[in-house]
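Trainee: Please walk me through a fold, one feature at a time. I would like the general idea first, then the case in hand.

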Amino acid sequence: MSKASLTNGDASNVAKDEIILLDGGFASQLSCHVNDPIDGHALWSSRFLATDPEAVVQTHLDFLTAGAQVILTNTYQASVGGFSEHLNLSEEDSLALIKKAVQLANTALTRYLAEFPDQPERKPVIAGSIGPYGASLHDASEYNGSYAAITSTGKMREWHLPRMRALIEEGVTLLALETIPCRAEAEMLVELIKEFPHVKAWLTFTCREDEKSIASGEPFQETARKCYEMNPKQLIAVGVNCLAPRLVECLFEGINDDPKKPKIPLIVYPNSGESYNVEQGWINRDKCEPVETYVHKWLDMGVRFLGGCCRTYAADVSRIRNEIGKWERLHGRVRLT
């Protein structure tokens, strides 16, 4: 992998043809460091910002050591309302805890760079994780977007803005607008980041099994293109996350074929292939698919940001890294170091 231009937390100069390795499923890797259950809690992994911050740091370190060039803050399910309700925090303390997520990621990055001082040019970047409004409802509606029919974009914007601002105030210049299930929320977020013109972002959708629609049923390619064209200056990539790897190819196929339209930089970080059920937890374990077996095909299709989501671990990130290195050598690129 060529040396990343993601330096000093700045994603503004990412080369269009550069391959960037993301981290994996934070809650999954966190489970290696904590005894308390993670899945099923209303705050998911974000409560460990308060209860076990060292475990959060160690989880980031696991991904950095595996080769991740971008690590996401542990804030997917973090919000002022959620921390107030479930941790009994004030608004001020809730925002401070969101900022603490950036501080913990920075702590991990500092330790990593101290351990590997000879790699300053590939200094990883911290991306602020912005999960969907539906994640706060704790009913898995972020996987179908059903809340969009009864929730105004104004209400969603009001919910997103404080946590987005907190991450940015703490120094984040790259946001991961991730697992978005519906077009209305995606378009709102793409507009919202215009309030922070120095910030870059990627946008990823969760999708249906039909291999053509986002979770709410709207067409993926049409939605992805509309969102990208709304804000190409700030969006460094658009794609999918938290879906089975086998679904990615059909969703992306032909998306950049029209020479009259600007090419969309593509990003993918799937889950293991399992599905999450509110009552049963993770199911369909027998359908797990090794993410790394798809890497070469995705790179051939033009994907340039790759990583993992739920039920993928640091070991999976390392295997993805190895496959990226193989692909680069096959195509005469600089070897991953």
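Trainee: In which sense do β2 and β3 pair, and over how many bridges?

Mentor: Two strands pair if DSSP finds at least two bridges between them. Here β2 and strand β3 (residues 125-130) pair in the parallel sense, over three bridges. Ile71 has Ile126 in β3 as its bridge partner. Strands (E, at least two residues) and helices (H or I, at least four) are DSSP runs, numbered from the N terminus. This is a predicted model: local features need pLDDT of at least 70, side-chain atom pairs count only at pLDDT 80 or more, and totals for chains, interfaces and linings use all residues. Residues are numbered from 1 along each chain as its sequence is written, and side-chain values use heavy atoms, leaving out hydrogens and water.

Trainee: What is the strand order of the open sheet?

Mentor: The eight strands run β1-β10-β7-β6-β5-β4-β3-β2, with parallel pairing. The edge strands, β1 (20-21) and β2 (70-72), each pair on one side only.

Trainee: Why is strand β4 described as largely enclosed?

Mentor: Buried means under 20% relative accessible area, exposed over 50%, and partly exposed in between, with a 1.4 Å probe and protein chains only. Seven of the seven residues of β4 (174-180) are buried, so the strand is largely enclosed by the rest of the structure. β4 pairs with β3 over three parallel bridges, and Gly128 stands opposite Leu175. Five bridges join β4 to β5, also parallel. There, Leu177 has Leu203 as its bridge partner.

Trainee: Which elements cover the buried residues of α8?

Mentor: Contact means heavy atoms within 4.5 Å. The cover includes α7 (183-192), β5 (200-205), β6 (235-241) and α9 (248-252). Among the buried residues of α8 (220-230) are Phe220, Ala224 and Tyr228. The helix lies across β5 and β6, at about 160° to β6. Axes are lines fitted to C-alpha atoms, for helices over the stretch in contact; angles run from 0 to 180 degrees between N-to-C directions.

Trainee: How many disulfides does a search of the whole structure find?

Mentor: A disulfide is a pair of cysteine sulfur atoms within 2.5 Å. The search finds zero. Cys242 is in none; the nearest cysteine sulfur, that of Cys310, is 3.7 Å away.
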